[in-house]
Amino acid sequence: SKAPVVASGGGGGGGALVSQEFEARDLQRYISRDIEQLEDVFAMVRQHGHAFDEDLVVSCVARAAALGWRHSSGDALQPEMESLLDALTPQLEAGVLSSLSLAKLTTASMAMDSHAKWGSYIGSEGNDDDNADFAMSAMQKLDSRPAPHSSPNLHGTTAGVAAAASATKANAADRFLAALRPQLLDRSNDLAAFDSALVARGLAQRGDLEGVARILEGAAHRAPAFGTQALVNLSWAAATVRLHEDLSTETGRSLAAILSEAAHRGERLRPQGLANLLWSMGRLQHRQENDLRALLPHVAHRSKALSAQGLANSLWGAAVLQLPNAALGWLEDDAIVELSVASIKCIESMGPEELLQLSRALIVFRGRESRAGSFQPLLSALVGEAQRQLEDFEPSNLAAISFSLASLQHRDRHTWELLSVQAAHLASEGQLSLRHAVKIMRAVAVAGHTPSEAVWKALANVGVQALQEDSMNLSFRDVSGLLWSHAYLRVGNPKLLEEQLLLHATSPTLLEHATPRELVDSVWSLSHLERCGGAADSQLVAQVKLRLAKRLQELGTNSLSPQDISQACWALTSNSSRGSDILNELAGSLDKVLVLLSSSFLVQASRVYNASDRGSHWADISDALTKFENSTAVKRMDGANDLPSPCPRNEVVLAFHDAIFTPAVRQLEALGCQAPTGLSGLRLGSSERRKIRKLSEFANSLGLLHLGTHRTEEALQRLGFLKQPLGESAHHPAVQAFRATAAAQSQGSFAAARNGDIAYLEMSVTVSGPDIKEEVKEAGRFLDTSEVDKPPGGELLPLAIGHWRCPSHAERLLLVRALSKLRIAEKRLLKQPSSSSSTASATATATLHAEEAASPEVEVAGIVNLVAAEPLCLSCLAVCVQFRKLYPKIELNVFFTGQPVSQVRC
């Protein structure tokens, strides 16, 4: 059992023979740990392969793979490797190799042929270097264990070298890999704990879902006897191939047993094992309360010991495990807060992948009540580090981080300027694909950022080149995304680009593979182009919309969310002023599509409320259907009550009116009722604050931000803020002044990308004392909230509706400033002595000031005209009611331009 060893150094074939002799076990350890060059492995095979037994042959194969030997199917092999694999294959096929050897060979195959796939899953992670590093560390652990039996010599290995050098036969590596997998699956029940974990990980790296499932089934009944790290590795392997749990199957039950056993051993796990297990549970959607209750305390306690990657993966796993619209439990909250604090401290150690994982986790946690509040410190640290590493982001990561920041409603101009400039740089160098460019453009548009024209042209040119030069490889998803982005910011020659987009949008080949969601996006984009004055012919746009609508009818609408349905209805019923008669011409065809969409919406609305539902969706679809009925002169006749005829379209409108609109308006009326007839010095009391909280709770229970165009007009009329229909108010001087000012403030072709949160106020009010009057006037103040960093406080309380920025809406800010001017005028008049008391003593004056709140002596009357760009949200309506309650003798007139509610603003 003695054998000479090859040492590193000069000599034939990269190695020099040493006359020293070692025991076989020492030689095996030398091969696995001390040889540093691939040629040294080949030299040992050439000189001493005749004395190799099973363990040494396996160790040589594994060491060669770990040192960088790679194989692609069909390629010629080195004679030494072919000799080794030829010697192993018969033993492998006969099933006489030990489980330890199988584990080593699986690890070796993962490193030497990581691009080949054994299974149907093609989404394995990692690269060749990662696989080689894991193979090397795993082999060192395996070689430290004694062989389970004395392996017989595999004679003929050296002779096989010469034979392999001259013979032309089938590739030995291909035969070896083909024989390895069946043996692994057949002997899955015989593998030891560590061997099972290594085999499962190797199969997972090769994308073999079926193989991982067989290993799990063989290991599940022995899970209590397995080591903790082996259980984590098995869980990691299942997560890598996305082996989702289904308790009705044997594989699902086996996976659940292994995850549960690992979770209850948190005190034994190393920090990285905790992170890997929580990541695996998230990816596998394994949310079992008992398992989380056992694991999360250890995650929170040892968060400081986690690496940067472990922190990011743990937060991502915890985020994925969250139930929709469910509050955080205290254990979850504690773990998330500890992980967030630790992430802030080591944010500089995180790379682009870790930052991306953090951003995805923040999307979930920012919408939950937590001790961490809004997670703003973590978001600020994340954004700062992303800015520092921006040049290191791959195009895919840059697109993903842009989408995440847009979802987080991050509005920092500097951040978006850096992102857009970096994206334009990648686009100019040809490194940005159309899909990534579209994703970045959509994120920039949703964030409300207005990049320079040069930057936007660079991004748009990616789409132009794809349309003109690579149209055969386009998908409808690409066309839909580019159309959506172009609907906001049009650059270059918009007419040429729009015509190309319209041509591809109706391509039968592309439409055949379109999804309902992509069709909705396309129809909505076309309507937005009409709204913003697109360059394409309106008749052509309407025909394209009809073609897309028919395709949507063919595919069905059951897979659409309430938001998708409301957007589709709004898009199909909107039309530009240039072609107001087009909608009537197509009404017959659109009616069938709208009935189908309305039916699907009613089905969605009948389900249990969840976080994806919004009362605003009801408002949008009700608004669109009301507009459709008015434009097509659909008569509502049902007896003397003039009710709509039974129809899904009308049911949606009536349900919104009865369940949402009427209760909301009644609460607004209650907020403004019992207005005092006194003068100034009035303040909102606890009763008004309770009513505002009640209205906020009502809005939050429905996710209701606005009432829609038609219902907002009706609400303004019922509340007394609008004296005539909106169409007749278009010629009001204040409305015309607002339009003129808004046109002057717009920024060329990029005006369409603005959030639309702009408003205009005119004020002419007289503040009268006993013997003196003061005029408070505002000739016309235009406000764009994109220029406001922090909203002021004030007496006019906004509603707290979700994460919408109601305190920052332009309508409220203008009324707050108007109220501030009136308060200053009141105080100024109260401080001035009247003619009848000019000789009063200082004591009398002090007494007057002390009693002014109880007995106001100043009267405030006049007119205030408020004009908004879009229909007022529910919070702004409540602010108007509060203003009128404070000053009942001021005539407050509220107008809006009649534009549809912008989805970007919401």
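Val-544 counts as buried, at 4% relative accessibility. In this predicted model, Val-544 has its place in helix α27, which covers residues 538-555. Setting aside residues up to four places away in sequence, Val-544 touches Leu-502, Thr-506 and Leu-526. Leu-502 is 42 residues from Val-544 along the chain, yet the C-alpha atoms of the two are separated by 7.0 Å.

## The protein as a whole

The protein contains 38 helices and 6 strands. Of its 906 residues, 54% are buried. Contacts between residues at least 6 apart in sequence can also be sorted by separation: 80% of them join residues at least 24 apart.

## Helices α10 and α12

Helix α10 spans residues 209-220 and helix α12 spans residues 250-263; their axes come within 9 Å and cross at roughly 60°. The crossing in which α10 passes α12 is left-handed.

On the α10 side, the residues that meet α12 are Ala-213, Leu-216, Glu-217 and Ala-220, and their partners in α12 are Glu-250, Thr-251, Ser-254, Leu-255 and Ile-258. Sorted by class, the residues of this contact comprise 5 nonpolar, 2 polar and 2 charged.

## Helices α15 and α17

A second pair is formed by helix α15 (residues 308-320) and α17, whose axes come within 8 Å and cross at roughly 30°. The two helices are therefore roughly parallel to each other, since angles under 35 degrees count as roughly parallel. The crossing of α15 and α17 is left-handed.

The contact draws on Ala-308, Gln-309, Ala-312, Asn-313, Leu-315, Trp-316, Ala-318 and Ala-319 from α15, together with Glu-354, Gln-357, Leu-358, Arg-360, Ala-361, Val-364 and Phe-365 from α17. The contact of α15 with α17 has 10 nonpolar, 3 polar and 2 charged residues.

## Helix α21 and its surroundings

Helix α21 consists of 13 residues, 434-446, and reaches 18 Å from its first C-alpha to its last, close to the 18 Å expected at 1.5 Å a residue. Its buried residues are Leu-434, Ala-437, Val-438, Ile-440, Met-441, Ala-443, Val-444 and Ala-445.

The elements that cover these buried residues of α21 include α19 (395-407), α20 (413-428), α22 (453-469) and α23 (476-486). After α21 comes Gly-448, which has a positive phi near 75°.

Most residues other than glycine have a negative phi.

Gln-285 is not a glycine, and its phi is positive, near 55°. Gln-285 lies in the loop between α13 (271-283) and α14 (289-301). With a relative accessible area of 49%, Gln-285 is partly exposed.

Phe-375 is likewise not a glycine, and has a positive phi of about 60°. The loop that holds Phe-375 runs between α17 (352-365) and α18 (376-388). Phe-375 counts as buried, because its relative accessibility is 2%.

How values were computed: Residues numbered from 1 in each chain as written. Predicted model: local features only at pLDDT ≥ 70, side-chain atom pairs only at ≥ 80, totals over all residues. Heavy atoms only, no water. Axes fitted to C-alpha atoms, helices over the stretch in contact; angles between N-to-C directions. Helix = DSSP H or I, 4+ residues; strand = E, 2+ residues; numbered from the N terminus. Left-handed = near helix turned anticlockwise from the far one by under 90°. Contact = heavy atoms within 4.5 Å. Nonpolar A, V, L, I, M, F, W, Y, C, P; charged D, E, K, R; others polar. Buried < 20%, exposed > 50% of the residue type's maximum accessible area, 1.4 Å probe, protein only. Expected span 1.5 Å × (residues − 1). Parallel < 35°, antiparallel > 145°, perpendicular 65-115°, else oblique.
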